[in-house]
Amino acid sequence: MTPTDFKTNLTVKIDNDPWQVIEFQHVKPGKGAAFVRAKLRNLATGAVVESSYNPNTKMEQAKIDRQNMQYLYETDGMYAFMDNETFEQTELSKEQLGDALNFLIDNMMVKIMSFEGRILGVDLPNTVILQVTECEPGVRGNTATGATKNATMQTGYTIKVPLFIEEGEYLAIDTRTGDYISRSSESDYQTQFEDQ
C-alpha cells in the first residue's frame, strides 16, 4: 500500500512498530510534488507524530489481532484479563493500559490488541457507561447555557458534566476524548459485561 491509501484508524508498519492513522490530508502545493500529511499514533508506545509522506512510498499494512477478554482485577499494578473460551489469563501493566484505566470496570468485556505476538494494550468501545460516585451539587439559579460541574466516576476518573447530573446516575462517556456524551441507563451499563 502507499500513503494515498490512508484511512482514519488504518494501521501501518513503520520501523517494526504498528502505527494508527489518526488524521491525514492529501496536499497538492502550487509548486513541487504532491504529498500526504498525516498524524499517526504508535500503538506500542502511544507516541503521536505528524509526518509528510511521498504518495508513492511503499508501506506495509500492520495486522493488529484483537481478542475478546474480560477484565478481572488489579494486583500490585498488574491488570488481569481472561479469555472466556479458554480461561487463559493475560496480565497488562499500567503503561500498557494508559488512558484505558479511566474507563475500565471489573468484569467488563474488552479487546486485547496484539501485533506480531506483542501485546499493545486494550481496544475499548468508543463509548462506555459509568456510574457517578461523587458530584458537586448544581447551583440553584445557575442557568448559564453550557455551565458544567465536576463529577467523579466509579473508576476515579473526573469529568465535566451538565449541572442537572446527580450522584448515582449512569453516563455515556466517549473513550477517545474522555468527554461526557449523555445520560444512560443501568441496563446499558449491564450490557458492557456481556460477551460480544
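Q: Which residue stands opposite Leu171 in E15?
A: Leu171 stands opposite Arg183 there. Strands here are DSSP runs of E with at least two residues, helices are runs of H or I with at least four, and both are numbered from the N terminus.

Q: What sort of model is this?
A: It's a predicted model, where local features need pLDDT of at least 70 and side-chain atom pairs count only at pLDDT 80 or more, while totals for chains, interfaces and linings use all residues. Residues are numbered from 1 along each chain as its sequence is written, and side-chain values use heavy atoms, with hydrogens and water left out.

Q: OK, back to E14. How many bridges pair E14 with E15, and in which sense?
A: Three bridges, antiparallel, with E15 covering residues 180-183. For two strands to pair, DSSP has to find at least two bridges between them.

Q: What's in the hairpin of E14 and E15?
A: Five residues sit between the two strands, and among them Gly178 takes a positive phi near 80°.

Q: And how many bridges join E11 to E14?
A: Five, again antiparallel, with E11 running over residues 127-135. On that side, Val128 stands opposite Ile173 of E14.

Q: Is E14 mostly covered or mostly open?
A: Mostly covered: five of the five residues in 170-174 are buried, which means under 20% relative accessible area with a 1.4 Å probe, protein chains only (exposed is over 50%, partly exposed in between).

Q: Which residues are on which side of E14?
A: Tyr170, Ala172 and Asp174 are on one side, Leu171 and Ile173 on the other, and they are all buried.

Q: Let's zoom out. How many helices and strands does the chain have?
A: Two helices and 15 strands. The C-alpha trace spans about 60 × 50 × 30 Å along its principal axes, and buried residues make up 38% of the 196 in the chain.

Q: Which strands form the open sheet?
A: Five of them, in the order E4-E3-E2-E1-E5, with antiparallel pairing. E4 (48-53) and E5 (60-61) are the edge strands, each pairing on one side only.

Q: How many bridges join E3 to E4?
A: Six, and E3 is residues 35-42. In that pair, Lys39 stands opposite Glu50 of E4.

Q: What is Gln20 in contact with?
A: Setting aside neighbours within four places in sequence, Gln20 is in contact (heavy atoms within 4.5 Å) with Asn9, Leu10, Thr11, Lys39, Leu40, Arg41 and Leu43. Gln20 lies in E2, residues 17-27, and counts as buried because its relative accessible area is 14%.

Q: Where is Asn9, and what about its phi?
A: Asn9 is in the segment before E1 (11-14), and has a positive phi of about 75° although it is not a glycine. With 51% relative accessibility, Asn9 counts as exposed.

Q: What's the phi of Asn107?
A: Near 70°, so a positive value in a residue other than glycine. Asn107 sits in the loop between helix H1 (94-97) and E9, and is partly exposed at 37% relative accessibility.

Q: New topic: how many residues are in the largest nonpolar core?
A: There are 31, and those with the most contacts inside it are Phe81, Leu104, Val122 and Leu124. A nonpolar core here is a set of buried Ala, Val, Leu, Ile, Met, Phe, Trp, Tyr and Cys residues joined through side-chain atoms within 4.5 Å.

Q: Which strand supplies the largest share of this core?
A: E11, with five residues. Apart from this core lies another, of 10 residues, including Val12, Val36, Leu40 and Tyr53.

Q: What does Phe81 touch, leaving aside sequence neighbours?
A: Beyond four places in sequence, its contacts include Met69, Leu92, Leu97, Leu104, Val110, Ile112 and Val122.

Q: Is Met69 buried or exposed?
A: Buried, with a relative accessible area of 2%. Met69 is found in E6, residues 65-75, and its contacts outside four places in sequence include Phe81, Met82, Met108 and Ile112.
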